[in-house]
Amino acid sequence: KAKQLAEVRRKAEEARKKAQEAAKKKKEEEEAAKKAKEEGKSEEKAEEKKEQKEEDQKDDKKEEDASMDDDEKKEEKKDEPVEEEEEEEKEPPKVELTDEEKNTWFAPRTAPDMKDRDVAESFANFTVPSADEGFDEVKFAWAKDSDAKAYLRNKVLEKKKVTRVENLKPSPWFKEKVAEWKKLFGEWQKKLEEFKASPAQKAKAAKKKDDDKEDAAAGDLFAVENVSDVGAGVPLYKDFEFGDWALLQLRFELYMLQAAFKKDVNDPDRPGIPESHFTFYFSRYFSKQLVPKNFGVTSLAELTKMVKDTAVWEDGILGTPVVVDAADDLPYLVKLAEQHRRERQRRIDAGDETARLKVTPQALVTPAPA
């Protein structure tokens with residue numbers, strides 16, 4: 001058994017050696033083939049380089065020939081007589097100013113000399129310097145003194161049209177009128193409540209008198225001396241409803257706003273409140289905002305038309321067609337409101353539903369001056 005085992009081992013060793021030799025031979029053959037392949041590529045590459053070199057030499061030859069031709073041409077051109085070009089005299093460009101530039105006397109500034117608010121509060125007092133102010137001499141280099149004064153005057157007027165009076169405050173007179181109005185307004189509403197709750201009113205309602213006959217009996221409502229008693233204790237505003245009170249309040253506010261503005265500003269160059277500044281001044285005087293949609297309309301113009309007997313816009317300025325001094329005759333506004341109510345009622349009776357008021361509770365807010 002030992003001999004057999006040794007024989008097996010010997011054969012296995014011989015087989016292993018043969019396998020190693022075969023693998024080594026195969027590897028050598030692969031390396032030889034790879035080397036031969038690389039040598040073949042090197043030869044091809046060398047051939048390509050040789051061909052490229054020949055091509056480059058041909059191109060260099062062509063460029064050299066072309067360069068020689070150019071040099072010869074340049075030499076020939078040098079020998080030719082050169083004609084001197086006469087330079088044409090060019091006129092300088094003409095500069096023309098626009099009309100706007102001609103009227104511009106001062107260079108535009110990127111940074112203002114004064115803040116806008118400071119200018120708004122003081123520009124109305126701007127004047128041209130004069131010797132009366134203590135100057136030794138005042139020279140007008142660009143224009144005559146009269147032209148300079150006219151220029152400044154026009155500038156001030158233009159600025160007044162677009163500038164708000166920032167420091168404007170309601171005067172004591174205005175506050176007194178508002179207090180008087182609130183007192184009367186409350187008394188009128190209380191009087192109406194008492195009238196409607198009285199037996200006399202119930203009896204009158206039972207009789208169902210025709211409105212036209214009642215109006216005729218009342219006569220000219222503007223001739224009424226006491227709006228709380230046109231006769232037999234009947235108030236002129238006996239048929240007022242919520243919307244009528246709201247429009248009465250609106251009449252007072254718009255009338256007093258334009259009247260107080262003129263009185264407080266006291267400037268003939270500012271005839272009234274521009275529409276663009278209305279919200280600012282209304283808030284300044286009444287400490288609230290006037291909202292057109294609370295009256296069933298969408299714009300200030302439409303709202304003003306609802307009380308056109310008291311307030312109108314003329315050339316963009318708030319004014320009034322009222323010819324009496326309503327500030328000293330506040331009941332006059334009640335007469336205007338009643339006249340409007342009667343006209344509106346006649347339209348409704350005739351079938352015009354657009355005459356009905358669409359006033360919300362937010363419309364009736366009593367003024368509270370600052």
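Okay, let's start with two helices: the axes of α8 and α9 come within 11 Å and cross at roughly 95 degrees. That makes α8 roughly perpendicular to α9, where roughly perpendicular covers 65 to 115 degrees, under 35 is roughly parallel, over 145 is roughly antiparallel, and the rest is oblique. The axes here are lines fitted to C-alpha atoms, for helices over the stretch in contact, and the angles run from 0 to 180 degrees between N-to-C directions.

Before going on, a word on what you're looking at. This is a predicted model, where local features need pLDDT of at least 70 and side-chain atom pairs count only at pLDDT 80 or more, while totals for chains, interfaces and linings use all residues. Residues are numbered from 1 along each chain as its sequence is written, and side-chain values use heavy atoms, with hydrogens and water left out.

Back to α8 and α9. On the α8 side the contact is made by Phe252, Glu253, Leu254, Leu257, Ala260, Phe261 and Asp264, and on the α9 side by Phe278, Tyr281, Phe282, Tyr285 and Phe286. Contact, by the way, means heavy atoms within 4.5 Å. By class, this contact has ten nonpolar, no polar and two charged residues. For those classes, Ala, Val, Leu, Ile, Met, Phe, Trp, Tyr, Cys and Pro are nonpolar, Asp, Glu, Lys and Arg are charged, and the others, Gly among them, are polar.

Now zoom out. The chain has eleven helices and two strands, and in order they go α-α-α-α-α-α-α-α-α-α-β-β-α. Helices (H or I, at least four residues) and strands (E, at least two) are DSSP runs, numbered from the N terminus. Out of 370 residues, 28% count as buried. Buried means under 20% relative accessible area, exposed means over 50%, and partly exposed is in between, using a 1.4 Å probe and protein chains only. If you take contacts between residues at least 6 apart in sequence, 75% of them join residues at least 24 apart.

Next up, α5 and α8. Helix α5, residues 172-197, packs against α8 at an angle of about 165 degrees, with the axes 11 Å apart. That makes α5 roughly antiparallel to α8. Which residues of α5 make the contact? They are Trp173, Phe174, Lys177, Val178, Trp181, Phe185, Trp188, Gln189 and Leu192, and they meet Trp245, Leu248, Gln249, Phe252, Met256, Ala259, Ala260 and Lys263 of α8. That set divides into 13 nonpolar, two polar and two charged residues.

Helix α8, residues 242-265, and α11 pack at an angle of about 135 degrees, with their axes 10 Å apart. The two are therefore oblique to each other. From α8 the contact uses Asp244, Leu247, Leu248, Arg251 and Phe252, and from α11 it uses Leu333, Val334, Leu336, Ala337, His340, Arg341 and Arg344. By class we get seven nonpolar, one polar and four charged residues.

Let's stay on α11 for a moment. Just after the helix, glycine 351 takes a positive phi of about 100 degrees.

Alanine 232, in the loop between α7 (211-218) and α8, has a phi near 60 degrees. At 83% relative accessibility, alanine 232 counts as exposed. Asparagine 266 has a positive phi of about 50 degrees and sits in the loop between α8 and α9 (278-286).

So is asparagine 266 buried or exposed? At 63% relative accessibility, asparagine 266 counts as exposed. Arginine 270 is also found in the loop between α8 and α9, but at 10% arginine 270 counts as buried. Leaving out residues up to four places away in sequence, arginine 270 touches Phe123, Lys160, Thr163, Val165, Phe261 and Val265.

Last stop: proline 361, in the segment after α11. Proline 361 is exposed, with a relative accessible area of 61%.
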